[in-house]
Amino acid sequence: MNKAQIRKQLASAFKKHLSVERETVARLVPASVTEGKLYEAYVLSRIVAKLVDDEGFSLVLVGGPKLKLKSSPGPINRSYPHIELHRYGNCVAELWTDVKFLTLSYSRLMSPSLTRGSYHELDIVVVDAGITGRPPHSAVWLGIECKNTSYQKGLLKEILGVRRELSLFTGPIKTKFSTWPRPYAPADPPSCLVVFATDAAVLEYSEPGEVFGIDFFHEAM
Amino acid sequence: MPLSREDAIELTRFVEQLLRQYDAGSYELIMRSTQRVDEPGRNLLILLGTLMRFYKERSGGEHARILDTINHYVRLPDERPIQGLSVELSPAEQEIYNVEEVDLAVLPDRTQFLDEIHRIIEDIERQMNPRGPNE
């Protein structure tokens, strides 16, 4: 196929599939608002598979018939749908999306007031059951970041900062999980921290994670 | 005849032009997420790869597959399947757009478009790395 044929095929594909009526476009919320959310849902689908197949949890969506992601993160609002993790018939933990957790430094400072540095966002979290508001760092079993963008140095520095604010660096401690994402973490409290990225370059940044207990996965949709 | 550097530069510009023409709202987002290297052929493939990733995320067809997977592992308390996936907007966004949530299922199905772009990428790769029968 030569250049002219490639041009023709490209023009045909765009014309056939991306032509949308103007009035339809006007009704749509801008793409920037839902940016990254379908990838987050995709990662969620991978996580629930791991929690059931590898860890043996039973999962139940409570609080509504639809799974809702949020365009902006916030505290846990128990009126929102979330997934309960059941073991032997008991709810032992909960999975929430787009949640801000209270940091280790906030807990150490014992400050009476919150500042912007007192909490950080995670795209998906598994936390102790029954929490309302921002979960403390000590309640986090698993934190997941989803990156559907080119993976660059700044994102590594960001996740290293999140690791710092979740736990102290220590020798290996048993996590809440038997195999996935990892049975032990060099962290106290022993939370797991995972990055999913569509960019294969994420693996070039994964080495520090071996020391600090961050698992990096290249997962294209 | 294999694609030359000039061909790759021209095709890259052509893709950018098509994006501006057919989806100006997404053009900026795609260009911002596209890395540049010092090799026109690679630039063309990177741009098309970013474009694929972008529209895959906005395809209702992808939504259906994701919901199917989630429903394989998660159930409602009464054992019924989960009925949908949506994004709840912030209070400020709700005021601006006059909707509380965006149902990801109403995204247009781009599966065919993605298949066509994927085939074009494969063709370009073949043009860039032509292999003889003995190689």
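Predicted model: local features only at pLDDT ≥ 70, side-chain atom pairs only at ≥ 80, totals over all residues.
## Contact between the chains

Chain A gives 47 residues to the contact, and chain B gives 53 residues. On the side of chain A that touches chain B, at least two residues come from each of helix H1 (3–18), helix H3 (31–34), helix H4 (37–53), strand S1 (58–62) and strand S2 (66–70) of chain A. Sorted by class, that side of chain A holds 28 nonpolar, 13 polar and six charged residues.

## A sheet with strands from both chains

Strand S2 of chain A pairs with strand S2 (residues 84–88) of chain B in the parallel sense, over five bridges. Within this pairing, A:Leu69 has B:Val87 as its bridge partner in S2(B). S2(B) also pairs with S3(B), here in the antiparallel sense and over three bridges. In S3(B), B:Glu101 stands opposite B:Glu88.

Together these strands form an open sheet of three strands with mixed pairing, in the order S2(A)-S2(B)-S3(B). S2 of chain A and strand S3 (101–103) of chain B each have a single partner strand and stand at the edges, so one side of each is left without a neighbour in the sheet. From one strand to the next, the twist averages 30°.

## Helix H1 of chain B

Helix H1 (residues 5–22) of chain B has 18 residues, which at 1.5 Å a residue should span 26 Å; the end C-alpha atoms of the helix are 26 Å apart, in agreement.

The buried residues in H1(B) are B:Asp7, B:Ala8, B:Leu11, B:Thr12, B:Val15 and B:Leu19. Viewed down the axis of H1(B), the buried residues fall within an arc of 135°, so they line one face of the helix. The face turned away from the buried side of H1(B) carries B:Glu6 and B:Arg13, which are exposed.

## Helix H6 of chain B

Helix H6 (residues 111–128) of chain B also has its length checked: the 18 residues reach 26 Å from first C-alpha to last, close to the 26 Å expected at 1.5 Å a residue.

In H6(B), the buried residues are B:Phe113, B:Leu114, B:Ile117, B:Ile120, B:Ile124 and B:Gln127. Down the axis of H6(B), they fall within an arc of 140°, so the buried residues line one face of the helix. The cover over the buried residues of H6(B) includes H1 of chain A and helix H3 (40–57) of chain B. On the face of H6(B) turned away from the buried side are the exposed residues B:Asp115, B:Glu122 and B:Glu125.

## Strands S7 and S8 of chain A

Strand S7 (residues 168–174) of chain A and S8(A) run antiparallel and are joined by four bridges. A:Tyr184 in S8(A) stands opposite A:Lys174.

In a regular strand, side chains alternate between the two faces of the sheet. Strand S8 (residues 184–188) of chain A has A:Ala185 and A:Ala187 on a covered face, with A:Tyr184, A:Pro186 and A:Asp188 on an uncovered one. S7(A) is hardly covered, as the count of buried residues among its seven residues is zero.

How values were computed
Residues numbered from 1 in each chain as written. Chains lettered and ligands numbered in written order. Contact = placed C-beta atoms within 7 Å. Nonpolar A, V, L, I, M, F, W, Y, C, P; charged D, E, K, R; others polar. Pairing = 2+ DSSP bridges. Axes fitted to C-alpha atoms, helices over the stretch in contact; angles between N-to-C directions. Expected span 1.5 Å × (residues − 1). Buried ≥ 20, exposed ≤ 12 C-beta atoms within 10 Å, placed from the backbone. Arc of directions from axis to C-beta.
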